[in-house]
Amino acid sequence: MKEANAPIHAIGIQGHYNLNQIPYEELEQLLISLRALDLKIAISELDIDMIPRGIWWADGGKNREEVAKINPYPEGCPPELLEQQAEQYAKLFRLFQKYEDVILRISFWNIHDGESWLNHFPWGRVNHPLLFDRERQPKPAFYSVLEVLSEESGKAPPE
């Protein structure tokens, strides 16, 4: 399309990822390609699902009745999983910083866990995909992203 002089200046992707299933290498290859093409990218709807959705569609959806009962974290997400999520958000943001010249913007799919679409799709469960919890308090992921962004700027993160 660029060879045909189409007026393309940016593309967009949705950043819906699953815990422990983030395609870092593929994302980096995309960012490298966009840099070579002199294109920008907008990453929207960023979140990290703590209860992977793939099982909903597995085997043609034949286990959906059983899957619809899965709700492992109604009383809160285990601290060790929140730490994994924080590490994975940090790794994402390190990658984003490496290619910040290619990235127009990054937006999240809502502000806090209580308002996440992942509480209702594709089945109802209590999910914890964002940087703020249901009480609108920062989670470890918030601090990990803040730390990464502060490292690059040379500024210490706020207390």
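I began with the ring criterion: rings of Phe, Tyr and Trp (its six-membered ring) pair if their centres lie within 6.5 Å, and planes under 30 degrees apart count as stacked, over 60 as edge-to-face and the rest as tilted. With that in hand, I found W57, W109, W117 and F121 linked into a cluster by ring pairs.

Before going on, I noted that the model is predicted, that local features need pLDDT of at least 70 and side-chain atom pairs pLDDT 80 or more, while totals for chains, interfaces and linings use all residues. Numbering runs from 1 along each chain as its sequence is written, and side-chain values use heavy atoms, with hydrogens and water left out.

**Entry: aromatic pairs**

How many aromatic pairs does the structure hold? I got nine. I looked up Y89 and F108: the ring centres are 6.1 Å apart and the planes are at 45°, so this pair is tilted. Y89 belongs to helix α4 and F108 to strand β3, so the pair ties together parts 19 residues apart in sequence. For elements I used DSSP runs, numbered from the N terminus: helices are H or I with at least four residues, strands are E with at least two.

F108 also pairs with F93, and that pair is stacked, at 6.3 Å centre to centre and 10° between the planes. Here too distant parts of the chain are linked, with F93 in helix α4 and F108 in strand β3, 15 residues apart.

Then I checked burial, where buried means under 20% relative accessible area, exposed over 50% and partly exposed in between (1.4 Å probe, protein chains only). Y89 is buried at 0%, and F93 is buried at 6%. F108 comes out as partly exposed, at 28%.

**Entry: what surrounds Y89**

For contacts I took heavy atoms within 4.5 Å. Leaving aside neighbours within four places in sequence, Y89 is in contact with residues including L46, I48, F108, P129, L131, S144 and V145.

Which residues touch the most other members of the largest nonpolar core? They are I41, Y89 and L92, in a core of 36 residues. Such a core is a set of buried Ala, Val, Leu, Ile, Met, Phe, Trp, Tyr and Cys residues joined through side-chain atoms within 4.5 Å. β1, α1, β2, α4 and α5 each supply at least two residues of this core, and α4 gives the most, with nine.

**Entry: helix α1**

I tested the length of α1 (residues 24-36) next. An expected span is 1.5 Å times one less than the number of residues; for these 13 residues that should be 18 Å, and the end C-alpha atoms are 18 Å apart, which agrees.

The buried residues of α1 are Y24, L27, L31 and L34. They cover an arc of only 90° around the axis, which puts them on the same side of α1; the arc is taken from the directions from the helix axis to the C-beta atoms. E25, E26 and A36 are exposed on the other side. Covering the buried residues are, among others, β1 (10-18), β2 (40-49), α4 (79-98) and β3 (103-108). After α1 comes D38, with a positive phi near 60°.

**Entry: charges over rings**

K91 lies over the face of Y24, at 4.2 Å from the ring centre. R125 lies over the face of W123, at 4.2 Å from the ring centre.

Conventions
Lys NZ or Arg CZ within 6 Å of the ring centre and 35° of its normal.
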